[in-house]
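Have a look at the structure first, then read on.

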Amino acid sequence: MIELEEAVMEIIVNAGQSRSLCFEALQAARKGDIDRAKSLLLEADEFARQAHHIQTKLIEQDAGEARQPMTLIMVHAQDHLMTSLLARELSEEIIHLYQR
């Protein structure tokens, strides 16, 4: 069973890193370095995958016998994850526009 505090921090850290890499990719695209931008998005994807993996474990535990308490920090972690996923999607679209 995964510990709630550890899981929440992993989600926040990985989602935050993913989001940061997305914005770094946008900066690279703005400078015309599309290959670097795409590479940074792939790196961001790996951090997002890690955050999503932890989230999935928590959901599985919650669906079973190990009910998780809903805390403000858990909501905060979910907010980080969803924001990073949105940043990823928008970054890809903007990079595509820069590429044109």
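1. A word on the source before anything else. This is a predicted model, and the values I quote are computed from it, so please read them that way.

2. H3 runs over residues 72-99. With 28 residues, H3 reaches 40 Å from its first C-alpha to its last, close to the 40 Å expected at 1.5 Å a residue.

3. Which residues of H3 are buried? They are Met-74, Ala-77, Leu-81, Ser-84, Ala-87, Arg-88, Ser-91 and Ile-95. These buried residues pack against two other helices, H1 (4-30) and H2 (34-63).

4. Ser-84 sits in helix H3 and counts as buried, at 1% relative accessibility. Once its neighbours within four places in sequence are set aside, Ser-84 is in contact with Ala-15, Ser-18 and Arg-19.

5. Leu-86, Leu-90, Ile-94 and Tyr-98 make a nonpolar surface patch of about 370 Å². Leu-90, one of these, lies in helix H3. The relative accessible area of Leu-90 is 48%, so Leu-90 is partly exposed rather than exposed, the cut-off for the latter being over 50%.

6. On to the charges. Side chains of opposite charge can pair when their charged atoms come close. How many salt bridges does the structure hold? There are 4, and I'll go through some of them in the next points.

7. Are the two partners buried or exposed? Asp-45 is buried, with a relative accessible area of 18%, and Arg-88 is buried too, at 16%. Both values fall on the buried side because that class takes in anything under 20%.

8. Glu-24 and Arg-36 form another salt bridge, with 3.3 Å between the closest N and O atoms. Glu-24 belongs to helix H1 and Arg-36 to helix H2, so this pair ties together parts that are 12 residues apart in sequence. Glu-24 is partly exposed, with a relative accessible area of 34%. Arg-36 is partly exposed as well, at 39%.

9. Then there is a pair inside one helix. Arg-49 forms a salt bridge with Glu-46, the closest N and O atoms being 3.3 Å apart. The two are 3 residues apart in helix H2, which means that about one helical turn separates them. Arg-49 counts as exposed, at 51% relative accessibility, whereas Glu-46 counts as partly exposed, at 37%. Elsewhere, salt bridges that share partners join Asp-45, Arg-88 and Glu-92 into one network.

10. Next, what the UniProt record says about Asp-79. The annotation "binding site", from an unreviewed entry, covers this residue. Asp-79 lies in helix H3 and counts as partly exposed, at 46% relative accessibility. Asp-79 and Ile-11 are 68 residues apart in sequence, yet 9.9 Å apart in space, C-alpha to C-alpha.

11. Which residue does UniProt list for "active site"? The residue is His-76, again from an unreviewed entry. His-76 is found in helix H3 and counts as partly exposed, with a relative accessibility of 37%. Please keep in mind, for both labels, that UniProt annotations may be inferred rather than shown by experiment.

Key. Residues numbered from 1 in each chain as written. Predicted model: local features only at pLDDT ≥ 70, side-chain atom pairs only at ≥ 80, totals over all residues. Heavy atoms only, no water. Patch = residues over 30% accessible without salt bridge, like charges linked within 9 Å, V, L, I, M, F, W, Y side chains within 5 Å. Areas by Shrake-Rupley, 256 points an atom, 1.4 Å probe, with all protein chains shown as cover. Salt bridge = Lys/Arg side-chain N within 4 Å of Asp/Glu carboxyl O. Helix = DSSP H or I, 4+ residues; strand = E, 2+ residues; numbered from the N terminus. Buried < 20%, exposed > 50% of the residue type's maximum accessible area, 1.4 Å probe, protein only. Expected span 1.5 Å × (residues − 1). Contact = heavy atoms within 4.5 Å.
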